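Please view the sequence and the model first; the description follows.

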Amino acid sequence: MPVWVQAGLWGALAGGALLIGAAIAWFRPVPPRLIAAIMAFGAGVLIAALSFELLDEAERSGGLAATAAGFLGGACAYVAANALLARRGARHRKRSGGQQPSEADVQGSGAAIAVGALLDGVPESVVLGLSLLGGGDVGIAVVAAVFISNVPEGLSSAAGMKRAGRGPGYVFGIWGGIALASGLAALLGNLTMESASPAATAAIMGVAAGAILAMVADTMIPEAFEDAHILTGLITTVGFLVAFAVERLAG
């Protein structure tokens, strides 16, 4: 099987976790504190993955300058895009409570939430595609991190969408589309960067890592703290430790 096809399948698999989380939230009410705990755990997992699987690898292969430039650029780009979407009603897209606006409250908020969900998922998927460059095996720790973090993202956001009065067609259409887009992003990430220089690859990995960290800080941790409060730091630490252990055992 061509490597770029494998990249697309891995991306779609990781993105499919969003659908799993959305289905759980839609068909079975989940206590807010449990959602918050899972979100905090997922945040820790992602932070570990971007630290050891992205930045460390990028710096080793392409140097500190390219990695740092990409990292800051990715964070700035995400924050700017997120600020624009927040003005259009997507600020609380990962919140499970009643914070999400309905279409009646904010015209166009449904589209903004959809674009915001795509913005959150694409950097993670690109990383999966990059991890297969050179014919190597996919980074199991990265796949696990993205999958584990996507379940609470889909769960929390879908719960909020349901409370805002959005129907199942909208909710599952959003997450199904994001899962397909995740596969496509991983595929394109692998194809377009196949012949790139180490510095360019490091910069792109840095961009993805910066965007992911900004996303965790802007959307995941606030949702976790909303209900988990003082336990958020501990649960996030456990998630980080689990991902670190997986990365070391897989290596």
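Helix 2 has a kink of about 30°, and the kink is centred on Leu-50. The model described here is predicted. Helix 2 covers residues 32-62, and its 31 residues should span 45 Å at 1.5 Å a residue; the C-alpha atoms at its ends lie 42 Å apart, which agrees with that expectation. After helix 2 comes Gly-63, a residue with a positive phi, near 95°.

**Overall architecture**

The protein contains eight helices and zero strands. Read along the sequence, its pattern is α-α-α-α-α-α-α-α. Of the 251 residues in the protein, 49% are buried. Among contacts between residues at least 6 apart in sequence, 84% join residues at least 24 apart.

**The second largest cavity**

Rolling a probe the size of a water molecule over the atoms shows where empty space is left. In this protein, the count comes to four cavities of 30 Å³ or more. The second largest cavity has a volume of about 60 Å³. Which residues line the second largest cavity? Its lining consists of Leu-46, Ala-49, Leu-50, Leu-54, Glu-124, Val-127, Val-142, Val-146 and Ile-212.

Helix 2 gives the most to the lining, with four residues. At least two lining residues come from each of helix 2, helix 4 (109-130) and helix 5 (140-163). By class, the lining has eight nonpolar residues, no polar residues and one charged residue.

Helix 3 comprises residues 64-90, and Thr-67 is found in it. Asn-82 also has its place in helix 3. The table gives the relative accessibility of each of these residues.

| Residue | Relative accessibility | Class |
|---|---|---|
| Thr-67 | 4% | buried |
| Asn-82 | 12% | buried |

Why does Thr-67 count as buried? Buried means under 20% relative accessible area, and the value for Thr-67 is 4%, so Thr-67 falls in that class. The cut-off is likewise under 20% for Asn-82, which counts as buried because its relative accessibility is 12%.

Leaving aside neighbours within four places in sequence, Thr-67 is in contact with Leu-55, Ala-58, Glu-59, Ala-202 and Gly-206. Asn-82 and Val-115 are 33 residues apart along the chain, and their C-alpha atoms are separated by 9.7 Å.

Definitions and conventions. Residues are numbered from 1 along each chain as its sequence is written. This is a predicted model: local features need pLDDT of at least 70, side-chain atom pairs count only at pLDDT 80 or more; totals for chains, interfaces and linings use all residues. Side-chain values use heavy atoms; hydrogens and water are left out. The expected span of a helix is 1.5 Å times one less than its number of residues. The bend at a residue is the angle between axes fitted to the seven residues ending there and the seven starting there. On a 1 Å grid over the protein atoms alone, a cavity is a set of points where a 1.4 Å probe fits but cannot get out, and a pocket is an open set with protein on both sides within 12 Å along at least five of seven lines; lining residues have an atom within 4 Å of a point. Grid points are joined across faces, edges and corners, and a volume is the space filled by probe spheres set on the points. Ala, Val, Leu, Ile, Met, Phe, Trp, Tyr, Cys and Pro count as nonpolar, Asp, Glu, Lys and Arg as charged, and the others, Gly among them, as polar. Buried means under 20% relative accessible area, exposed over 50%, partly exposed in between (1.4 Å probe, protein chains only). Contact means heavy atoms within 4.5 Å.
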